[in-house]
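The sequence and the model are shown first.

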Amino acid sequence: MLMAINRNNEYLSSAACVSLTGCRALVTGAASGIGEAICCRFARSGADLLMIDINQKGLEKVKASLSSCEVEIETHVLDLSRKAAIDDFWESRKNHKPNILVNNSGIYPAKRYLDVDQEFYQQILNVNLSSAFWMCQDFIKARENRGGIIVNVSSIEAVTPFKEDMVHYSVSKSGVYALTRSLAHDYGKRGFRVNGIVPGVIKTPGIYQQAKAALKKMNLGLLKSGFKYKSRLAVGRLGQPDEIAKVVLFLCSDLASYVQGAMIPVDGGFLSS
C-alpha cells in the first residue's frame, strides 16, 4: 500500500491522507458545475458540507444526489455580491465553524470593454473577487487561533487572456490570484494553508449554454475562439468538473500539508503550450 508522511513524520496510508472525515467544508457556487463536483468529492471523502449558492433548486438537487453519503449537509441560499449577507451568514455560524473554505463562485458574462459600465463591472467584482475576499476574512477571523484550509478558484484568464470581451472577468480573477498569494504569505505561520486552482475551460452547464447560444446566433468570433483554445490544449480536449474537484480535494487533504501559496493550473496544458 502506498504511504505518505504527515507533519509528525508518521507514515499514514494514502487513503488516510485523502480522508476528510471530521472536517466541515464550506463551498460557494455549489449548485452546479465545478462547485457540485467539489461537493461530491468532499462528501465521498467524509466531509460535512455547507453548500452556498444563489440557486436554491440547484442546491436541493445536489444535496439529494448526495443522500447516500453519511455526512451532514446544509444548504444556504446567499447573494455573495452583498458583504452584509456574507457577514450575517458567518455570524450565524458561531457554533459550527467550517475548517475548510472553497471560494468557487463566479460569473462570466461577455461584454465589449468599451460597453462596460460601472454597475456591470461592480457586479462582476462583487461576485468573483469581493465575495472571496470577505469570505476569507470572516473565515480567518472565525478560526484565528485554530487555522484552516482555503482554496480559491481563479482562471487561466487571469494569466493568459484568450477570449475576447472578457476584460472585466480577467481583472476579477487576477484579483483572486493576488488574494490567494497574499493570504498564504500573511497567514501561513498562523496555521492557515491557502492555495488556488487555475482552471481552463471546463464542461459545465454555463459553458454548454454559451456554446449553444453561439451556434444559434452564428457568433463566428466566439466559435473561432473556442476552436483556437481547443487546438492549443496539450491533451486535446476540454476538462470535466471532477478533474478540478480532485485537485481541490488534494489541496484540502493531508497529502498537500506542505503546499502553500500555490496556484495550480488544471487546464489540459493550455498555459504551457
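## Surroundings of Ser 105

Leaving aside residues up to four places away in sequence, Ser 105 touches Thr 28, Gly 29, Leu 80, Val 127, Asn 128, Ser 131 and Lys 173. The model is a predicted one, and within it Ser 105 lies in the loop between β6 and α5. Ser 105 has a relative accessible area of 12% and therefore counts as buried, the limit being under 20%.

The C-alpha atom of Ser 105 is separated by 8.3 Å from that of Ala 132, although the two residues are 27 apart along the chain. Ala 132 also belongs to the residues of α5 that take part in the contact with α6.

## Helices α5 and α6

Helix α6 covers residues 167-187, and α5 packs with α6 at an angle of about 15 degrees, the two axes being 9 Å apart. Because angles under 35 degrees count as roughly parallel, α5 and α6 are roughly parallel to each other. The crossing in which α5 passes α6 is right-handed.

On the α5 side the contact is made by Phe 120, Tyr 121, Ile 124, Leu 125, Asn 128, Leu 129, Ala 132, Phe 133, Cys 136 and Ile 140, while α6 supplies His 168, Tyr 169, Val 171, Ser 172, Gly 175, Val 176, Leu 179, Leu 183 and Tyr 187. By class, the residues of this contact between α5 and α6 divide into 15 nonpolar, four polar and no charged.

## Helices α4 and α5

Helix α4 (residues 83-91) packs with helix α5 (residues 118-142) at an angle of about 25 degrees, with 10 Å between their axes. That angle makes α4 roughly parallel to α5, and α4 passes α5 in a right-handed crossing.

From α4, the residues Lys 83, Ile 86, Asp 87 and Trp 90 meet Ser 131, Trp 134, Met 135, Asp 138, Phe 139 and Ala 142 in α5. The contact of α4 with α5 has six nonpolar, one polar and three charged residues.

## Helix α9 and its packing

Helix α9, with twelve residues (241-252), reaches 17 Å from its first C-alpha to its last, which is close to the 16 Å expected at 1.5 Å a residue. Its buried residues are Pro 241, Ile 244, Ala 245, Val 247, Val 248, Leu 249, Leu 251 and Cys 252.

Notes. Residues are numbered from 1 along each chain as its sequence is written. This is a predicted model: local features need pLDDT of at least 70, side-chain atom pairs count only at pLDDT 80 or more; totals for chains, interfaces and linings use all residues. Side-chain values use heavy atoms; hydrogens and water are left out. Helices (H or I, at least four residues) and strands (E, at least two) are DSSP runs, numbered from the N terminus. The expected span of a helix is 1.5 Å times one less than its number of residues. Buried means under 20% relative accessible area, exposed over 50%, partly exposed in between (1.4 Å probe, protein chains only). Axes are lines fitted to C-alpha atoms, for helices over the stretch in contact, and angles run from 0 to 180 degrees between N-to-C directions. Angles under 35 degrees count as roughly parallel, over 145 as roughly antiparallel, 65 to 115 as roughly perpendicular and the rest as oblique. A crossing is left-handed if the near helix is turned anticlockwise from the far one by less than a right angle, and right-handed if clockwise. Contact means heavy atoms within 4.5 Å. Ala, Val, Leu, Ile, Met, Phe, Trp, Tyr, Cys and Pro count as nonpolar, Asp, Glu, Lys and Arg as charged, and the others, Gly among them, as polar.
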